[in-house]
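Open the model in your viewer and have the selection tool ready.

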Amino acid sequence: MTAMIADNLPVLVIIVPLFIGIVLPVFARRLRLVEGMVVLAEALGLVGAGFLAYMVVTRKGADWIYQVGGWPAPWGIELTANSLAVFFLAVVMVVSLPIALFTIGNLRQEVGGNMRTARFYTLFLLLVGSLAGMALTNDLFNTYVLVEVATLSCCGLVSSHGTPRAAEAAFNYLILATLASSLVVSGIGFIYVITGHLNMGFASQGLEQIWQAKPHAVWIAISFVLVGFGLKSAIFPLHIWLPDAHSSAPSPASAVLSGLAVKGYMICLLKFLYVVFGPDLMKEFSVDRILVLAGMTAIICGSVMALPQNNLKRRLAFSTVAQVGYIYLGFGLMDINGLAGALFYLASHAAIKSALFLSAGAMISATGKKKISELAGIGRKMPLTASVFTAASLGLIGIPLFSGFIGKWYLIAGSLDSGDFLPTIIIIAGSVLCAAYLFPVIRVAWFESPQQAEQVNAEQQAEQPDSAAQEGSRGIALQDEEMHSGQQVQQTAVYQNVQENTPPGNQVKDPGTAQKLALILLTAVIFILGIMPGPFIALAKRAAAELLMLR
Amino acid sequence: MRDFILKRIAAVILPFVCVYGFYVIFHGHISPGGSFAGGIIVGLSYIAFSTIYGIEKGRAKIPDKVLTWTESFGTLWYGLMGLVGIFKGVPFLANKLAGVDLGLPGALFSGGIIFYIGLGVGIRVASTMITIFFTLMEDQS
């Protein structure tokens with residue numbers, strides 16, 4: 001039995017979340033059972049990923065290739081468990097388990113209704129399963145299918161609030177993501193036409209032999225893949241959907257979207273560029289320079305755009321745009337340190353941004369306030385949440401002892417190795433800008449005088465009856481207006497209830513046990529990655545060496 | 001919906017449409033057909049029924065709960081059939097390697113697990129089509 005599971009681990013890690021996720025709507029009446037099943041799926045995935053990583057790290061010789069259905073390579077679908085795959089798989093499982101824990105018990109009031117909650121979990125587990133698949137698959141078309149599954153799940157997660165704003169953001173995202181998908185599938189089509197293979201290894205061999213005869217076709221394929229995955233992973237000029245989508249989703253969804261979904265597309269791009277096209281072809285078509293340039297632009301522009309945002313979740317979303325830039329920059333450096341740094345930064349940003357979004361979500365749902373300026377003195381009332389937010393912010397800025405520092409260190413080492421000094425300056429400037437947009441939040445949360453905040457709260461409470469009456473009348477007006485779409489009215493009403501039921505300022509306290517556990521776990525990940533990065537950076541370096549073919 | 005002719009003709013034709021859909025589902029692997037196409041035909045027969053006889057009657061024929069169950073477990077069925085390969089000691093979804101026959105052209109039950117996988121896919125597609133239809137009708141009314 002154990003041997004049976006161990007032999008089939010690459011496929012089990014993918015299908016366990018997928019199939020557990022799919023049966024969840026059946027049990028929607030018993031929400032406890034649904035939550036238990038989600039945590040079980042995540043735990044099984046984590047154990048599987050850990051065991052798979054152990055087996056791959058201790059394995060000697062060639063990659064572990066799993067043939068789905070028993071069909072050999074040019075025809076069948078292959079799953080490759082190499083260092084890159086297990087690295088990303090571990091990131092996905094380690095980060096998504098705390099997010100799943102965070103949703104226990106408090107998702108229903110945010111999403112509204114048992115069935116909607118169960119469907120949210122279905123989408124969540126589909127996303128996790130497809131991300132695991134993206135890490136492992138070695139087949140071009142299979143990658144596209146998994147990208148589609150992930151994209152549709154993301155759209156569902158963004159719209160799960162049910163408010164008009166969320167629906168608008170989800171629709172925007174759906175249109176742009178579909179455009180990106182069609183670009184990706186056209187790119188895959190070009191590769192298939194040129195080489196006649198959909199397996200990454202065979203396609204790579206074919207391209208190596210034939211690209212000089214058909215450089216333009218290869219060029220078109222590369223640009224389609226680059227723009228398609230660039231749009232999906234929100235690299236700077238193509239990021240316009242991200243701030244709306246990530247700030248209007250429920251906070252666990254924002255965490256998984258910003259922390260993991262975007263990274264999955266980046267891993268796909270990495271596999272396309274390094275495994276299919278190969279480092280030589282990338283240099284020939286100067287894809288590496290494009291990546292570095294795009295990354296540097298994203299770091300500066302994303303950070304500058306984050307500065308004026310007063311909505312906390314929007315500021316974090318723009319920060320994601322900037323952090324995506326670091327990873328692209330590392331991808332483009334074509335250097336073992338730079339690439340390992342990018343992979344490590346990817347892992348660290350996944351944990352940090354999830355922690356930031358979850359703690360921000362906890363603060364917002366406890367106080368009902370979305371603006372940064374309204375969160376004054378929150379550190380006294382929600383010490384744990386604010387501490388997690390502070391620790392994650394310091395990690396994102398890149399203070400030593402936190403995981404962001406190690407990633408940035410290796411990125412700087414890589415950019416110095418590659419001989420360009422501009423990326424180094426940009427990375428440091430990006431850290432300074434990151435401090436500039438995150439320190440004000442920390443200052444407001446801890447050092448803004450709580451008395452002043454209480455005064456403001458008292459004033460607001462005095463005003464509240466008036467405003468509540470207004471809200472009520474507006475709600476009725478809204479209902480009259482939208483009588484023709486019954487469901488929407490219901491959802492709007494649910495949302496308003498959620499906002500009205502939030503406790504007033506003096507009852508604000510830390511969230512429940514499961515939420516605390518989730519936040520502590522993510523903080524522990526940030527600290528462990530920052531204090532003992534040894535094994536993780538070694539795995540990242542191994543993955544980078546495999547990608548650069550420096551075995 | 002007072003159209004007598006339409007209702008009578010539908011009453012005669014729709015059972016055959018539904019059976020034909022299952023025929024297409026079952027013949028997906030070794031003869032012309034396909035479980036996705038067949039599932040759509042099955043779903044279509046119910047959609048036609050509920051457009052002709054009214055949504056309430058259509059909903060009464062297949063309650064939401066049944067739809068949720070078939071939708072979820074049709075897909076789970078696929079996964080369980082895939083696990084057959086693993087229990088036989090070969091990769092996921094393997095058919096011939098698992099000692100199950102690969103199938104003869106034209107012989108319906110000779111395809112090993114593919115037959116059962118097709119059944120799961122067909123049921124899932126049919127119930128998804130019906131769910132989409134009901135959801136759209138709900139939004140309209």
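Start by selecting H15(A) and H18(A): these helices are roughly antiparallel to each other, a label for angles over 145 degrees. H15 covers residues 336-367 of chain A and H18 residues 403-417 of chain A, and they pack at an angle of about 160° with their axes 8 Å apart. Axes here are lines fitted to C-alpha atoms over the stretch in contact, with angles running from 0 to 180 degrees between N-to-C directions. Helices are DSSP runs of H or I with at least four residues, strands are E runs of at least two, and both are numbered from the N terminus.

Now show side chains where the two helices meet. Among the contact residues are Phe344(A) and Tyr345(A) of H15(A), and Tyr410(A) and Leu411(A) of H18(A); contact means C-beta atoms, placed from the backbone, within 7 Å.

A word on the model: it is predicted, with local features needing pLDDT of at least 70, side-chain atom pairs pLDDT 80 or more, and totals for chains, interfaces and linings using all residues. Residues are numbered from 1 along each chain as its sequence is written, with chains lettered from A and ligands numbered from 1 in the order written.

Next, select the meeting of the two chains, where 16 residues of chain A contact 16 residues of chain B. On the chain A side, H2(A) gives the largest share, 4 residues.

Finally, select chain B. You will find 5 helices and 0 strands, in a C-alpha trace spanning about 60 × 30 × 15 Å along its principal axes.

Conventions:
Angles under 35 degrees count as roughly parallel, over 145 as roughly antiparallel, 65 to 115 as roughly perpendicular and the rest as oblique.
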